[in-house]
Amino acid sequence: MSARFIASLFRHRPGPDVDVTAMTLQALYPYRNQTMVKAAAEKAFEWLSSVQKDDGGFSSWGTDNSESCVQVIVACCTWGIDPASDSR
């Protein structure tokens with residue numbers, strides 16, 4: 001069910017949200033060994049990278065805010081990704 005949930009975030013209109021995506025990644029970490037979860041997480045991290053602002057920040061629902069940055073940092077650290085050095 002968890003992999004279906006994250007997949008639904010990418011189908012949800014008007015589109016995925018930084019905060020929800022990052023929090024979902026945190027929640028899915030215990031299931032990281034499931035193939036579908038691993039694939040969905042990779043897709044989610046790639047999407048987060050694609051929406052990162054030039055100044056390194058993030059916005060949620062059109063508003064730049066530190067909470068969105070924190071959620072992404074926590075998600076990265078949870079998954080063992082160094083947010084300061086990851087090439088994405």
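Mentor: Of the 88 residues of this protein, 35% count as buried, and please keep in mind throughout that the model is a predicted one. The accessible surface comes to about 5400 Å², with 55% of that area belonging to carbon and sulfur atoms. The secondary structure consists of 4 helices and 2 strands, which follow one another from the N terminus in the order α-α-α-β-β-α. Among the contacts with a separation of 6 or more, 62% are between residues 24 or more positions apart.

Is Gln-71 buried or exposed? Its relative accessibility is 15%, and because buried means under 20%, Gln-71 counts as buried. Leaving aside residues up to four places away in sequence, Gln-71 touches Asp-19, Ala-22, Met-23 and Gln-26. With one of these, Gln-26, the side chain of Gln-71 makes a polar contact of 2.9 Å, and a polar contact of 2.9 Å also joins the side chain of Gln-71 to that of Glu-67.

Now turn to helix H2, which covers residues 18-28 and has as its buried residues Val-18, Asp-19, Thr-21, Ala-22, Thr-24, Leu-25 and Leu-28. Asp-19 and Ala-22, which are in that buried set, are also among the residues that Gln-71 touches. At the start of H2, the backbone nitrogen of Asp-19 has a side-chain oxygen of Asp-17 within 3.1 Å.

The elements giving two or more residues to the lining are H3 and helix H4, the latter covering residues 66-78, and H4 gives the most, with 4 residues.

Lastly, the structure holds 1 salt bridge, in which the side chains of Lys-53 and Asp-64 meet at 3.6 Å, N to O. Lys-53 lies in the loop between helix H3 and strand S1, while Asp-64 lies in strand S2, so the pair ties together parts that are 11 residues apart in sequence. Lys-53 itself counts as partly exposed, because its relative accessibility is 34%.

Methods: Residues are numbered from 1 along each chain as its sequence is written. This is a predicted model: local features need pLDDT of at least 70, side-chain atom pairs count only at pLDDT 80 or more; totals for chains, interfaces and linings use all residues. Side-chain values use heavy atoms; hydrogens and water are left out. Buried means under 20% relative accessible area, exposed over 50%, partly exposed in between (1.4 Å probe, protein chains only). A polar contact is a pair of N or O atoms within 3.5 Å; within protein, one must be able to donate a hydrogen and the other to accept it, and residues adjacent in sequence count only if both atoms are side-chain atoms. Contact means heavy atoms within 4.5 Å. Accessible areas come from the Shrake-Rupley method with a 1.4 Å probe; for residues, only the protein chains shown count as cover. A salt bridge is a side-chain nitrogen of Lys or Arg within 4 Å of a carboxyl oxygen of Asp or Glu.
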